[in-house]
Amino acid sequence: MKGGKSKSETKSAKLNVKSKAGKKSGKAAKDPNKPKRPASAFFVFMEEFREQYKKDHPKNKSVAAVGKAGGDKWKSLSEAEKAPYVAKAEKRKAEYEKNMKAYNKRQAEGPKDEDVESDKSASEVNDDDDDEEGSEDVGIHPFGVFVVI
């Protein structure tokens with residue numbers, strides 16, 4: 001052959017490639033107590049526009065069509081017409097900043113004694129109890145719980 005890889009070599013090389021599903025991502029877990037970021041003026045406008053668009057076009061189920069129509073309408077609005085949406089967005093932003101300050105203050109104080117858990121997770125603690133009770137194996141399946149005796 002002339003300097004290239006054979007088909008069998010490329011197939012085996014493809015089989016050795018690992019998927020991304022097995023890797024852990026470098027991102028930290030999201031805190032469910034953290035306040036959500038506020039909507040921009042455009043998204044405040046879209047909240048009202050979606051409702052109106054659904055009333056005017058009840059048969060249209062396309063999200064893309066609603067988004068495109070909303071974007072076109074937003075571009076055609078003057079600054080004076082956008083002002084109420086900008087004001088609502090500013091109000092939401094001020095509320096968000098207030099909530100973030102409170103959240104950051106709670107984070108800086110650290111966890112309370114009630115929130116601190118031991119090294120064993122709750123499932124590990126429950127697993128120890130199951131072993132002492134009997135010789136039953138309990139498995140969890142996507143379609144339900146089953147017991148093997």
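Buried means under 20% relative accessible area, exposed over 50%, and partly exposed in between (1.4 Å probe, protein chains only). This is a predicted model, in which local features need pLDDT of at least 70 and side-chain atom pairs count only at pLDDT 80 or more, while totals for chains, interfaces and linings use all residues. Residues are numbered from 1 along each chain as its sequence is written, and side-chain values use heavy atoms, with hydrogens and water left out.

**View 1. Salt bridge between E48 and K88.** A salt bridge is a side-chain nitrogen of Lys or Arg within 4 Å of a carboxyl oxygen of Asp or Glu, and the structure holds three. In the pair E48 and K88, the closest N and O atoms are 2.8 Å apart. E48 lies in helix α2 and K88 in helix α4, so the pair links distant parts of the chain, 40 residues apart (helices are DSSP runs of H or I, at least four residues, numbered from the N terminus). K88 is partly exposed, at 38% relative accessible area, and E48 is partly exposed at 36%.

**View 2. Salt bridge between E47 and R92.** The closest N and O atoms of E47 and R92 are 3.1 Å apart. E47 has a relative accessible area of 33% and is partly exposed; R92, at 34%, is partly exposed.

**View 3. Salt bridge between K98 and E95.** Here the closest N and O atoms are 4.0 Å apart. K98 and E95 are three residues apart in helix α4, which means that about one helical turn separates them. K98 is exposed, with 55% relative accessibility, whereas E95 is partly exposed at 39%.

Note on methods. Helix = DSSP H or I, 4+ residues; strand = E, 2+ residues; numbered from the N terminus.
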